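Please keep the sequence and the 3D view open while reading.

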Amino acid sequence: MPLDLQAKQLIDQLTAMGGPQLHEMPVEGARQMMRAMAGLSSAGAPAVSRVEELHIPGPAGEIPARLYAPASSPPLPALVFFHGGGWVIGDLETHDLTCRKLALGSDCAVISIDYRLAPEHKFPAAPEDCYAALQWVAEHGKSLGIDPSRIAVGGDSAGGNLTAVVAQMARDRRGHAPIFQLLIYPATDAARDTASYHDNADGYLLSADAMKWFYGHYLAEASSPADPLHSPLHAKSLKGLPPALVITAEFDPLRDEGEAYGEALRRAGVPVAMTRYAGMIHGFFGMGTLMEQANTAMYQACDALRAAFRG
């Protein structure tokens, strides 16, 4: 399929603006760029019944989080959400619109986790924060109006990576396990050596050089390239993990590793639904005001979450 026209228009607009590429920026500049990108598609954010700032005890101090709740009567099912941004950029604000839409469309509470970022906090700070947050939400859900037996995890890109990792951690550590995982173009293998990495290396918003930049900030030089806490595709076993929806984009360097993880889950006996969005680019899921296929993907994610919460 050719590049989607709406995706091409966005890329052309960004190209015309000029300026350095993400991997050429200092970290704070990249963070500001992501906030500005989020602002392009955040107009008219829908209102939810309740928004509450939380402070979750973590392994190295408090983890900021934000709860979004629709008007439905508690106890609500919940999605613990991990934002994308290569473990280096992104925050509660960059994914505010996405979390609002997921809460309303899935009729569930969404708890967005502001985990520690690299390079200030290298791996495994992010997965340890995210795992601690999931366990806290499960243990304190009733006080938040949440049903602890109906908690899912989800995220996009690096957040999809953390979703897969946390699901494995919950199984291996015998913690509270999520009932579903929403994996939106997840990073699953730090090796970065797939056909989609080569075919989509440049020109489609996320580049291979940007991923090298992200991993360079996230991982210490001594990190094992096959550690499943950062490369969940390398886990010895995927048996016993929760059902999953895997969403990928055709013109995305991460396409093949996301789909490989979905296939590996399926071979392990995990129920999996996978959709590759034709003509789409990395990051499209949160761009519903710019790309119609983003709305289709959001509807799919919300339908899958509703079905999982119904059991």
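**Salt bridges in a predicted model**

A network of salt bridges links E28, R31, R35, D91 and E120. The model is predicted. Across the whole structure, a search finds 17 salt bridges.

**Confidence**
- The protein chain has an average pLDDT of 96, and 99% of the residues score at least 70.
- Confidence is lowest in helix α2 (residues 27-40), with a mean of 92.
- Strand β6 (residues 181-184) has the highest, at 99.

**R31 and E120**
- R31 and E120 join their side chains in a salt bridge, 2.8 Å from N to O.
- R31 sits in helix α2 and E120 in the loop between β4 (109-113) and α4 (125-140), so the bridge ties together parts 89 residues apart in sequence.
- R31 is buried, at a relative accessible area of 10%.

**R116 and D129**
- A salt bridge joins the side chains of R116 and D129, at 2.9 Å from N to O.
- This pair links distant parts of the chain, 13 residues apart: R116 is in the loop between β4 and α4, and D129 is in helix α4.
- R116 is partly exposed, with 21% relative accessible area.
- D129 counts as buried, because its relative accessibility is 2% and the cut-off for buried is under 20%.

**R266 and E263**
- R266 and E263 form a salt bridge, with their closest N and O atoms 3.5 Å apart.
- Both residues lie in helix α8 (residues 255-267), three residues apart, or about one turn of the helix.
- R266 is partly exposed at 38% relative accessible area.
- E263 is also partly exposed, at 33% relative accessibility.

Key
Residues are numbered from 1 along each chain as its sequence is written. This is a predicted model: local features need pLDDT of at least 70, side-chain atom pairs count only at pLDDT 80 or more; totals for chains, interfaces and linings use all residues. Side-chain values use heavy atoms; hydrogens and water are left out. pLDDT is the predictor's confidence in each residue, from 0 to 100. Helices (H or I, at least four residues) and strands (E, at least two) are DSSP runs, numbered from the N terminus. A salt bridge is a side-chain nitrogen of Lys or Arg within 4 Å of a carboxyl oxygen of Asp or Glu. Buried means under 20% relative accessible area, exposed over 50%, partly exposed in between (1.4 Å probe, protein chains only).
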